[in-house]
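Q: Can you walk me through a model I have open? I'd like the sheet and the aromatic pairs.

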Amino acid sequence: MPRTAAPPPASPPRDRRRTSASVVLRSVLEHGPVARSTIARLTGLSPASVTDYCARFTELGLIRETRAPQKAKGVGRPHVPVDLDDSRFVVGGVHVAVPYTTVALLDLRGRVVVRRELKHAGRTEPRALLARAAAGLAALLDEVPGSRPLGVGVAVGGWVDRDTGTVVEHPLLGWREVPVRELLGAHTGLPVHVDGHARALVNGERLFGRARGSRSVLHLFVGNVVDAAFATGDEVHHGPRSQAGTIAHLPVPGGTEPCGCGRTGCLQVELSERTLVRRARAAGVVDGANPMDVLAAARRGDPVAVRLLVERARLTGRAAALLLDVLNPESVVVTEVGALYREDCLAALREAVGPQRAPVVPTSFGDGVLAVAGGSVVLDVLYRDPLSASPERI
Ligand SMILES: [Zn+2]
């Protein structure tokens with residue numbers, strides 16, 4: 001019989017070291033170019049320890065000294081500022097949507113260097129799809145000579161278990177227990193990190209977007225998949241097996257769409273882009289399956305397209321209001337195509353959320369949002385633990 005396991009040995013020095021490394025690199029991300037003395041002042045770390053971390057990051061190729069030294073007031077020694085070195089490393093980003101996969105390269109600031117959409121055309125068998133994504137990433141790396149990939153982040157809707165790198169369930173893709181990390185890792189030879197796209201984008205907003213500095217943020221993703229993610233401080237809530245944020249089957253009062261779960265008026269089926277496009281097709285507004293065509297029709301002044309988009313934004317606002325009641329975040333980010341491109345949609349969404357609430361803003365990443373989602377998964381790992389995720393080890 002196994003004996004009772006001894007408690008794991010405490011390792012505060014290692015944890016502290018990790019945290020400090022993360023704090024220093026984040027400080028360079030947020031304030032660079034920045035003098036080491038300023039980092040010490042901002043972070044409360046000792047100047048010697050900041051200098052030490054900066055030397056290690058410079059060695060790893062993550063940061064570099066900027067060319068123009070700034071003279072410190074009244075002191076002879078120049079304070080050479082440091083900044084992220086965005087010339088050397090990139091990360092790969094993969095986002096799997098229902099109709100297409102986005103592959104991209106991002107720099108260390110989370111900026112999209114290059115991206116491409118790979119249409120599924122009905123072919124969503126996971127092994128073949130991930131092989132095509134890996135080939136797509138390899139083609140992008142060929143296009144950007146000299147770029148060295150640190151790793152790949154994959155963002156997918158549905159139920160994604162970050163710890164095992166598995167898509168547990170994604171009914172719209174027909175995926176179940178897909179070991180994405182393992183499959184894509186085998187194709188690319190790179191470390192692969194996987195997370196749900198709503199959570200990935202909370203991290204993107206926290207690191208590179210408008211939610212930077214926010215103490216709590218709710219992100220609502222409304223595409224074909226509808227899900228939510230919530231972060232307090234730097235921690236995104238995952239829950240056991242990363243099941244948090246699955247709001248696809250929240251009931252929407254007055255909803256009329258039949259859902260695959262057997263009920264009527266579930267949030268995801270009411271708000272999904274498929275439903276939007278189907279309604280637009282039925283009204284003769286569009287003839288394809290692309291939600292961007294509905295936006296184009298609205299831009300041309302088609303009143304039905306405008307009404308469909310505004311209604312969808314309003315419903316999104318009602319869903320956000322329900323979540324706000326539970327979570328009371330300081331800021332709310334919504335990734336929804338109407339609110340992203342149209343003032344009337346954003347206004348309808350905000351009105352449905354109601355006054356006296358946290359400010360609601362559209363995603364910070366515009367039409368690059370899906371590329372950023374994938375890249376954010378791996379950049380979050382890097383900024384959390386830069387020394388373990390260093391170029392030699394990542
Ligand atoms: Zn349902």
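A: A term to start with: helices (H or I, at least four residues) and strands (E, at least two) are DSSP runs, numbered from the N terminus. Axes are lines fitted to C-alpha atoms, for helices over the stretch in contact (heavy atoms within 4.5 Å), and angles run from 0 to 180 degrees between N-to-C directions. This is a predicted model, where local features need pLDDT of at least 70 and side-chain atom pairs count only at pLDDT 80 or more, while totals for chains, interfaces and linings use all residues. Residues are numbered from 1 along each chain as its sequence is written, and side-chain values use heavy atoms, with hydrogens and water left out.

Q: Which strands does helix 10 lie across?
A: Helix 10 (residues 303–327) lies across strand 13, strand 14 (226–232) and strand 16, at about 145° to strand 13.

Q: In what sense do strands 13 and 16 pair?
A: Parallel, over six bridges (DSSP must find at least two for a pair). In strand 16, V334 stands opposite L220.

Q: Switching topic: how many aromatic pairs are there?
A: Two, counting Phe, Tyr and Trp (six-membered ring) with ring centres within 6.5 Å. Y53 and F57 are stacked (planes under 30 degrees apart), with 6.4 Å centre to centre and 25° between the planes. F208 and Y383 are edge-to-face (over 60; the rest are tilted), at 6.2 Å and 70°.
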